[in-house]
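Here is a short briefing for a first look at this structure. Start with the view below, then read the points by topic.

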Amino acid sequence: MPQETKLDLALNCPIPIAARDSILLGHGSGGRMSGDLLRNVLLPALQNPVLDRLDDQAIVDVGGSLIAFTTDSFVVKPLFFPGGDIGTLAVNGTVNDLAMGGAEPLFLSLALILEEGLPLDTLRRVMESIRVAAALAGVAVVTGDTKVVEKGSGDGLFVNTSGIGLVPSAVRLSADQSRPGDRVLLSGTIGDHGITILSQREGLEFESAVASDTAALHTLVADMLRASSEIRCLRDPTRGGLSSSLNEIAARSRVGIELEEKAIPIREEVQGACEMLGLDPLYVANEGKLLAIVEPTAAEMILDAMHQHPLGHNARIIGTVTDAHRGMVTLRTRLGTSRIVDLLSGDQLPRIC
Amino acid sequence: MKYLDEYRDEKIARGIVAELGRRATRPWVLMEICGGQTHTLMRYGIDEMLPAGIELVHGPGCPVCVTALETIDKAIEIASRPDVTLISYGDMLRVPGSHTDLFHVKAQGGDVRVVYSPTEALKFARANPSRSVVFFAVGFETTAPANAMAVWQAKREGLRNFSMLASHVLVPPAIRALMSSPRNRVQGFIGPGHVCTVMGYREYEDLMREFHVPIVVGGFEPLDLLEAILMLVTQLEEGRAVVENQYARSVTYEGNLLAQKVLAEVFEVCDRKWRGIGGIPESGLSLREEYADFDADRIFGTEGVTADEPAECISAEVLQGLKKPTDCSAFGTRCTPENPLGAPMVSSEGACAAYYQYRRHAMAASGNH
């Protein structure tokens, strides 16, 4: 963070706290702090052309076959919530990261970090969810690992899954492919997962009928790719929400993205919870939604294909790729004015009043 | 969504703006008091819609922004003790003190937690008798009653491990300080709707008479604010100055009498230092002597903690509405939400952060920044 060393003290503003000499929770938010950590600490040690693409999955050529490879860790609290649990998330999350590369998911690994004292019943329930989710997604868990840490060194159960899939040779999806004029498609309502988790947290007891949207999206992707090959990029907007995924695409493709606020589908329960808690649904996590950037002439065809799929019933065109405001996401508000949809610095914080 | 969409209707908004254009015959400078109102103005681009000449300046109503540096330092000192669990509202954790912030204290092992309501802090204290639970209570008259209630309940239950670091601030003395300043430019105020929901608006009539300034108590949705602006401009154009209530669906003349009763029971008015502005007499609330056993400042001996705030800082002028965030040479470059130089860049209700978050592209387009 070079700006730390160049603070203009003559400005005499109250107190910069920029020195980040330790990990803060915000580093895991998917916002700007996460990006800084990646760029400044993690990537410099690892640089290679595959990793540098920074897509949700790596796609590597192995003996003429395009293999998609990805990994994800799951640290959700609580472990069980309406709509799913840490097991379903761990399967669907990794399947989706493969699917966003256009891959057919094939095999998963499963690594468990168990905290001393975790009830075996809890573990059995999670394993059953993993079995069901893998069967539904048509993937096999073919390797795994188990570690136990002392009480206090973990939070009950952490799960890591890695996944391998096969990419059809004609498919090339990446965040750097968007062009001005492209349309932005969204497969359904936003914020369901994040609000479900929040509503389950201790100290936030509000009643809500909303459930996590966790789902495996690879069959939806396959249907979309069958409808048209003119898909530039796919993303599942998980932590950091719509905003983080779109900002990433805008930055990587050096384009602007303009969203239409009225077009973004959101459940009343989610909207209500966000209003009450002072949160912006554009930053709230999803676990079963995808964003597609598509060639304008193919947009309607792809949208039709999405509408035919159970996970794409509520799909909409929510925006356009532009050559104005390159690197930025903007939103046409309900009032017809325009504002930025910025990357958040760290976690979205509840406002005071 | 019912009760929300009605207040975000584009057609009605355009209608109000057109009416404003017809009524305004000359420039007017208005101030919205609340950070929540600033947030709505920026989020919906309302400043973009207004007829030229109607200028909004952003008042000191962001409780996070105006909390004195030394109060943050006290919270940090208390939170660093191994026996303490410090509980607060979310956005207080990012506010820089003299040397660090509460997020860093948490990362270093301090037990710092976020809640939405002080009663959650009470619950935590009951369930964890071995922890000394401190609620960091900031905010205007809006959040004060719930905090007062928590202390009142703790005393009634004889809860020994609960205390409060209270640094509440009051709106009317801040308006008085702004209006008394020789540099004041503000000709009308959008009053703080949620503060008035608690306190009513009797006090604002005194201010109106004292300074002959129109005040319209306003809500927080786009149409609330546009309507309040129209009501203010109408008064100004007609040469009137009265207190009007735009936010009648929430605010009554008397306010919430039960809330006022518990406030008076637990808190008393005190002098208070405001970050970026300085000391304002009788502008805060602190715990009454009868509740001294629950005063974290006394319990942890932090009463003597002081911190020198730089005397010259543009955040002071921003908080007083004398300058816009974009008038600062550091805005968006050396001062961002990741590396805030001043408090208004920290909270999403702060004027600088609201500009940064929602309006940067318009500034780039107009060459303003």
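Chain B holds 16 helices and eleven strands; these are DSSP runs, helices being H or I with at least four residues and strands E with at least two, numbered from the N terminus. The model is predicted: local features need pLDDT of at least 70, side-chain atom pairs count only at pLDDT 80 or more, and totals for chains, interfaces and linings use all residues. Residues are numbered from 1 along each chain as its sequence is written, while chains are lettered from A and ligands numbered from 1 in the order in which they are written.

**Chain B overall**
- The C-alpha atoms of chain B fill a box of roughly 65 × 45 × 45 Å along the principal axes.
- Of the 369 residues in chain B, 57% are buried (20 or more other C-beta atoms within 10 Å of a residue's own, with C-beta atoms placed from the backbone).

**Two domains in chain A**
- Chain A is assigned domain 1 (55-167) and domain 2 (183-340); the bounds come from an automatic or database domain assignment.
- The domain centres, taken over C-alpha atoms, are 23 Å apart.
- Domain 1 gives 21 residues to the contact and domain 2 gives 19 (contact: C-beta atoms, placed from the backbone, within 7 Å).
- On the domain 1 side, α3 (86-99), β5 (104-115) and α4 (120-137) of chain A each give two or more residues.
- α3(A) gives the most, with eight residues.

How values were computed: Buried ≥ 20, exposed ≤ 12 C-beta atoms within 10 Å, placed from the backbone. Contact = placed C-beta atoms within 7 Å.
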